[in-house]
Amino acid sequence: MSHSPAPGERSPQRRRFPRRRATLLAAAAVLVLGAAAPPTPEARGIGDRLFPHLGNPGYDIAAYDISFVYRANDQPLDAVTRFVARSTARLDDFNMDFTHGTIASVEVNGAPAQFTPAGEDVVVTPTEPVPSGSSFTVTVHHTSDPRGGGEGGWVPTTDGLVMANQADAGHRVFPGNDHPSDKALFTFRVTAPKELTVVANGLAAGRTTEGANTTWTYRTLHPMATELAQVAIGRSTVPQRGGPRGLKLRDVVPAADQKALESWTAKTPDQIAWMEKRVGNYPFETYGVLIADASTGFELETQTLSLFERDVFTKAGFPDWYVESIMVHELAHQWFGDSVSPRVWSDLWLNEGHATWYESLYAEERKGRKLVDRMRVAYQLSDQMRADGGPPAAIKAPVPGKKISIFRPVCYDGSALVLYALRQRIGTAAFDRLEREWVRRYHDSTATTADFVALASEVSGQDQARFLHPWLYERTTPPMPGHPDWKTTPPKPA
């Protein structure tokens, strides 16, 4: 996600424990009272510090197959979500993350199952318990409601819908495990009026027209976190071009704006080549930019198809260096955040710090905006950023009712500053090796801050834990190696 200019820059404003129902003393109560009330359904998660109810212990999802029927962007979509999972414990019942839709039925392994809402969860009780270590299939017939936005999920555009599921909103669109630690393959099947275009993550896998509607199918070839899912429906055109090493690129742009936007979308192949030179081959099957006529306040790194507001490219006042660096920011996320995903949301700095880092390097190399100047300003403001948002690897919880408020400045320049400090300490050559090894070792997987610290120690040949700990976890900013004259400004009183 990108929505913050450089600090001080006068840039345009924008942007597992078993899943059984705990009975404990219930059995004893039966002996005394002769009967026991069923346990109260409750929302449960995997214990993420920032979003404690996200995810569901007791199972891991391997693949989703999601069908939507779209009529208009102010009407609920009919939907069927199927997922194949593997249990990590005996499941007498289990939870799914889901809200903002109505469930008609749930089946587990083809048999009807009971289901009960619990907060933003749904508690499912199958006819027969699911044994530990077994594969099982869940089918949910439901609606997916794009109305009542503001917390993410579906975002209405002038001619359709797009998705913006970060960080806690995928379950406003479809049921499942809405946490980046449980990545899965995805298939999307979307039926819409035939005059509209539908594009989703991954590669096209078929299109059929029947009467007034067309059904479009897309499949990912790599696992994906729910927060990175994307389905775009609208009056769009899909220009295609070649990228480095024969990579297939496709963009999604408003049909009326294709010519005006071509000068921007044509920059993607060179930007990918620039990134590949630094961190290795692009990690997915395709890439492109999705330009939507919508108001979100941010851009978003949805996997293989980054979401941008149309105004970024068409509104007067956005300098070229700014637009191009934001394009690189979202592109860099395909390696940092998408291919290598955070194990918990507290690891967000690994996503945004790296995307900001490569955004800044690009602006320096291609636009002459010196990285050291940006880092000096970030250092000056670092204590204030930590006071406002917490240290980079221990950010503060979201403001109630504003889930994306975890994306504070400390996640961006405050976290890129950690990478700059590490490069100052271990040298450019070792730092570059670390970056390439990070995305190679953890591709299509998840990783933690501890993993990054361990790899930095391995690659540099020195234990970096003592050096990195204050940079990542303390309230005040350590001295910057090589810049003894850099000073922080004391934070303003709360």
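Which residue is the bridge partner of threonine 209 in β13? I looked it up: threonine 214.

This is a predicted model, where local features need pLDDT of at least 70, side-chain atom pairs count only at pLDDT 80 or more, and totals for chains, interfaces and linings use all residues. Residues are numbered from 1 along each chain as its sequence is written, and side-chain values use heavy atoms, with hydrogens and water left out.

I took strands as DSSP E runs of at least two residues and helices as H or I runs of at least four, numbered from the N terminus. Strands pair if DSSP finds at least two bridges between them. β12 (residues 203-210) pairs with β13 (residues 213-219) in the antiparallel sense, over 6 bridges. The hairpin leaves 2 residues between the strands, and glycine 211 in the turn has a positive phi of about 65°.

**Helix α10.** I checked the span of residues 449-460. The expected value is 1.5 Å times one less than the number of residues. For 12 residues that gives 16 Å, and the end C-alpha atoms are 16 Å apart, which agrees. Buried residues in α10 include Phe452, Val453 and Leu455. Their cover (contact: heavy atoms within 4.5 Å) includes α6, α8 and α9. Just after α10, glycine 461 has a positive phi of about 80°.

**Contacts of methionine 96.** I listed its contacts, leaving out residues up to four places away in sequence. Methionine 96 touches, among others, Tyr59, Phe83, Ile103 and Pro175.

Key:
Buried < 20%, exposed > 50% of the residue type's maximum accessible area, 1.4 Å probe, protein only.
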